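Subject: Structure handover

Hello,

Here is the structure for your files. My notes on it follow below.

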There are 2 protein chains.
Amino acid sequence: MTHSQAEENYLKAIFSISEKEGKAASTNAIAAMMQTTAASVTDMLRRLSEKNLIAYEKYRGVTLSESGHKVATALIRKHRLWEVFLVDKLGFTWDEVHEFAEQLEHVQGDALVNRLDQFLGNPKFDPHGDPIPDAQGRWTHRPQALLSTLQTGDRGVVTGVEDHTTAFLQYLDQQGLALGASLEVIERFPYDHSLRVRTHGDRELVLSEKVCQNLYVRTLNT
Amino acid sequence: MTHSQAEENYLKAIFSISEKEGKAASTNAIAAMMQTTAASVTDMLRRLSEKNLIAYEKYRGVTLSESGHKVATALIRKHRLWEVFLVDKLGFTWDEVHEFAEQLEHVQGDALVNRLDQFLGNPKFDPHGDPIPDAQGRWTHRPQALLSTLQTGDRGVVTGVEDHTTAFLQYLDQQGLALGASLEVIERFPYDHSLRVRTHGDRELVLSEKVCQNLYVRTLNT
DNA sequence: ATATTTTTTTTGACTTGTCTAAAAATAATA
DNA sequence: TATTATTTTTAGACAAGTCAAAAAAAATAT
Ligand SMILES: [Mn+2]
Ligand SMILES: [Mn+2]
Ligand SMILES: [Mn+2]
Ligand SMILES: [Mn+2]
């Protein structure tokens with residue numbers, strides 16, 4: 001009924017890989033995400049399979065079972081709620097909270113996470129703009145697009161990040177680009193796919209292709 | 001520099017045993033507190049000794065080293081701060097929080113516990129009346145005595161409990177005896193060492209010897 | 001001082017989770 | 001299709017943590 005932290009971490013990795021790619025997660029992909037060896041992954045897949053948390057066929061990759069999917073969803077819910085707590089209540093910045101949340105997500109007890117949810121005002125998104133599933137595992141969807149897909153003249157509001165690294169989050173802070181910042185694409189440079197954008201206070205920024213491919217915006221109908 | 005949850009739990013057990021008894025902790029006492037076997041304890045004592053977290057001589061019992069004492073104190077600080085959070089912020093009752101705190105106390109990161117401390121208003125006592133050491137490991141002391149030591153006519157205010165079990169805490173709730181409740185000893189029954197006391201609203205209660213030996217009060221000079 | 005009881009340690013085994021190196025299966029290429 | 005490269009699994013080993021049973025030490029009783 002309760003799973004080890006290692007098992008939970010594997011389930012989360014499998015979830016995010018097979019979600020993103022839309023297909024079974026390979027041993028190597030899991031090993032890369034977990035920063036471990038393929039041999040260790042194979043071992044763990046055998047164990048998770050015995051517990052019916054995953055569907056596993058040798059050499060064929062792996063997908064989550066119904067119960068594995070539930071565990072992974074609950075884990076993500078906890079991770080993101082704790083991140084909201086750390087930022088909203090304790091005053092941490094969005095680049096400081098991930099490692100703490102990696103630990104806090106393993107604290108067991110439905111009552112705790114549900115009270116936390118209530119205390120935080122049932123937030124639907126975490127400090128990085130990622131959706132928080134509710135107690136029944138339902139996700140809130142909202143339309144968003146990578147900034148790199150906008151055309152000249154398009155306007156949008158920053159809603160999330162694809163890259164969650166400290167380096168990127170701190171870069172955005174330096175540029176004054178927090179969640180909710182509004183942007184208008186002034187000019188596109190085909191040479192390097194960089195964009196010039198206008199943001200709050202009529203400030204202009206030039207954002208590289210890499211930045212634009214890691215920043216999500218909700219487009220505004222002008 | 002960082003220790004496993006198992007190591008931390010042993011250090012905490014050794015702390016509370018050698019603190020309470022005022023002498024070295026025996027293998028059996030540790031085993032009883034940890035709900036494990038003496039063989040497991042001996043194994044762990046060897047490991048903790050190698051890491052210089054305890055002073056250990058075979059057959060002679062064990063005491064914490066300076067660094068072991070620091071780890072144990074930090075752990076107790078975290079445990080009790082999280083308990084304050086769970087009661088004050090999330091609305092749990094004092095009998096519901098211990099198991100969650102047992103998990104939360106192992107979350108690593110000085111920044112986290114110190115921000116939590118600040119968020120909670122730097123509380124000096126936890127929901128059970130136990131003192132919370134500060135970031136430097138300093139304890140707040142306050143005079144308190146077991147209710148069983150009071151004489152007829154003495155008055156006091158409930159400051160803490162010796163027994164932390166759910167059963168006792170819920171019994172106190174039923175009797176309306178929370179921290180801060182004021183009491184006056186009306187009558188002592190030598191036969192079974194029970195007490196009749198008057199509490200708020202001039203309500204009278206009869207408290208057994210067992211209850212009186214598990215309830216701390218600060219005596220009021222009348 | 002000797003015998004008995006209690007406490008503690010040792011021994012050997014087991015589980016979880018990890019790793020390296022080697023073997024096997026699959027995929028890609030010629 | 002045969003060869004090569006990549007991916008995955010197997011095999012064997014190790015560390016942490018646990019336990020039951022046996023041996024040793026210490027404490028207690030006679
Ligand atoms: Mn995170
Ligand atoms: Mn996040
Ligand atoms: Mn507690
Ligand atoms: Mn407490």
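To compare copies, chains are superposed by least squares on the C-alpha atoms of residues with pLDDT of at least 70 in both. Done this way, a rotation of 180° with 0.0 Å of shift along its axis places chain B on chain A, with an RMSD of 0.0 Å. That is how a two-fold axis relates two copies. The same surface serves both copies, as 100% of the contact residues of chain B recur in chain A (contact means heavy atoms within 4.5 Å). In chain B, the residue that comes closest to the rotation axis is Leu104(B), at 3.7 Å for its C-alpha.

Before the details, some conventions. This is a predicted model, in which local features need pLDDT of at least 70 and side-chain atom pairs count only at pLDDT 80 or more, while totals for chains, interfaces and linings use all residues. Residues are numbered from 1 along each chain as its sequence is written, chains are lettered from A and ligands numbered from 1 in the order in which they are written, and side-chain values use heavy atoms, with hydrogens and water left out.

Aromatic rings

Over all chains, the search of the whole structure gives 11 aromatic pairs. Rings of Phe, Tyr and Trp (its six-membered ring) pair if their centres lie within 6.5 Å; planes under 30 degrees apart count as stacked, over 60 as edge-to-face and the rest as tilted. One of the pairs is Phe85(A) with Phe119(B), edge-to-face, at 6.1 Å centre to centre and 80° between the planes. This pair joins two chains, because Phe85(A) lies in helix H4 (residues 66-89) of chain A and Phe119(B) in helix H6 (residues 110-119) of chain B. Helices are DSSP runs (H or I, at least four residues), numbered from the N terminus.

Phe85(A) is buried at 0% relative accessibility, whereas Phe119(B) is partly exposed at 22%. The cut-offs are under 20% relative accessible area for buried, over 50% for exposed and in between for partly exposed (1.4 Å probe, protein chains only).

Phe119(A) and Phe85(B) also form an edge-to-face pair, with ring centres 6.1 Å apart and planes at 80°. Here the pair crosses from helix H6 (residues 110-119) of chain A to helix H4 (residues 66-89) of chain B. Phe119(A) is partly exposed at 21%, and Phe85(B) is buried at 0%.

Lys89(B) lies over the face of Phe119(B), 4.6 Å from the ring centre. The criterion is NZ of Lys or CZ of Arg within 6 Å of the ring centre and within 35 degrees of the ring normal.

Metal site

Which residues coordinate the manganese ion (ligand 1)? They are His79(A) through NE2, Glu83(A) through OE and His98(A) through ND1, at 2.0 to 2.2 Å. Donors are N, O and S atoms within 2.8 Å of the metal (3.2 Å for Na, K and Ca); water is not among the atoms, so sites may look incomplete. Along the chain, the donors follow the spacing H-x3-E-x14-H. Glu83(A) coordinates both this ion and the manganese ion (ligand 2), and the two ions are 3.6 Å apart. His79(A) is buried at 8% relative accessibility, while His98(A) is partly exposed at 37%.

Arg80(B)

Arg80(B) lies in helix H4 of chain B and is buried at 17% relative accessibility. Leaving out residues up to four places away in sequence, Arg80(B) touches several residues, including Asp126(B), Asp130(B) and Trp139(B).

Regards
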